[in-house]
Amino acid sequence: MNIENDLNIPPDAEPVSKKISRIATQFLIPVLLPASSAFIACIAQRRVSSRLDQVNKENENVKNLLDEVANLRDEVKFLETRRGALTSGHLKEIQQKVLKDEHDAFLKIAADLDNMKTLLQKRQQIKCSLFTSRHHRLELEDQQLKPFSYSRSYDKELGLYPGVLDILENDNYCDPHGSKHGRLMWVYMDLWKARAQLRMFKRVVKRIQDA
């Protein structure tokens, strides 16, 4: 008789290793397996819930930013009308200079924002790549994106640095087709441009009124 393969032999004649295996099969596994499955399911559910909370937060953030962009664009249109009224007559030389100065300043900000867009696109490309080290992304964020945004003289007026921090923390979107990664970053680009336009018109109106 093959003692190693017969589970019906008396316990006294059963090898210790076989007895442990039999006990585990008959008593422990039926108890532990459902518990393990329930634990794994619980962990998975928590991860799903956490991700849904993150997505909802991102959607709410994007909606709020889009609303602000729309409001800023309305205000820009109003100030454009005021500028048109101011420039409809013969302005003095100082008023013409104000318009030129502020427009040149706006063009410099627009150029900076283009550079920022390039850096953000590069960062998002690295984040969405399976073959690029996380170290390269962190290096780009800490050595280029953060210092660049923080050092701009108009940072507080545009909310540049806080926006960059928000993007780095929350923009996790990767386009499955690889054509346009990122979501939050594009909303911020529109927001910053609208704020830059608003800044220009406000400064033009104020300087002409104070002249």
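How are α5 and α6 oriented to each other, roughly parallel or roughly antiparallel? I went to this pair before anything else in the notebook, keeping in mind that the model is predicted.

**Helix pair.** I looked up α5 (residues 160-170) and α6 (residues 184-210) and got a packing angle of about 170 degrees, with the axes 9 Å apart. Angles over 145 degrees count as roughly antiparallel, so that is the answer for α5 and α6. On the α5 side I listed Leu160, Gly163, Val164, Asp166, Ile167 and Asn170, and they meet Leu184, Met185, Tyr188 and Trp192 of α6. Sorted by class, this contact has seven nonpolar, two polar and one charged residues.

I then checked Leu145, skipping neighbours within four places in sequence: Leu145 touches Met116, Leu119, Leu120, Arg123, Leu140, Val164 and Leu168.

**Disulfide.** I searched the whole structure and found one disulfide. It joins Cys128 to Cys174, S to S 2.0 Å. Cys128 sits in helix α2 and Cys174 in the loop between α5 and α6, so I noted a link between distant parts of the chain, 46 residues apart. The S-S torsion is about -90 degrees, so I put the bridge down as left-handed. Are its two ends buried or exposed? Cys128 has 19% relative accessibility and counts as buried, while Cys174, at 33%, counts as partly exposed.

Terms used
Residues are numbered from 1 along each chain as its sequence is written. This is a predicted model: local features need pLDDT of at least 70, side-chain atom pairs count only at pLDDT 80 or more; totals for chains, interfaces and linings use all residues. Side-chain values use heavy atoms; hydrogens and water are left out. Axes are lines fitted to C-alpha atoms, for helices over the stretch in contact, and angles run from 0 to 180 degrees between N-to-C directions. Helices (H or I, at least four residues) and strands (E, at least two) are DSSP runs, numbered from the N terminus. Angles under 35 degrees count as roughly parallel, over 145 as roughly antiparallel, 65 to 115 as roughly perpendicular and the rest as oblique. Contact means heavy atoms within 4.5 Å. Ala, Val, Leu, Ile, Met, Phe, Trp, Tyr, Cys and Pro count as nonpolar, Asp, Glu, Lys and Arg as charged, and the others, Gly among them, as polar. A disulfide is a pair of cysteine sulfur atoms within 2.5 Å. Buried means under 20% relative accessible area, exposed over 50%, partly exposed in between (1.4 Å probe, protein chains only).
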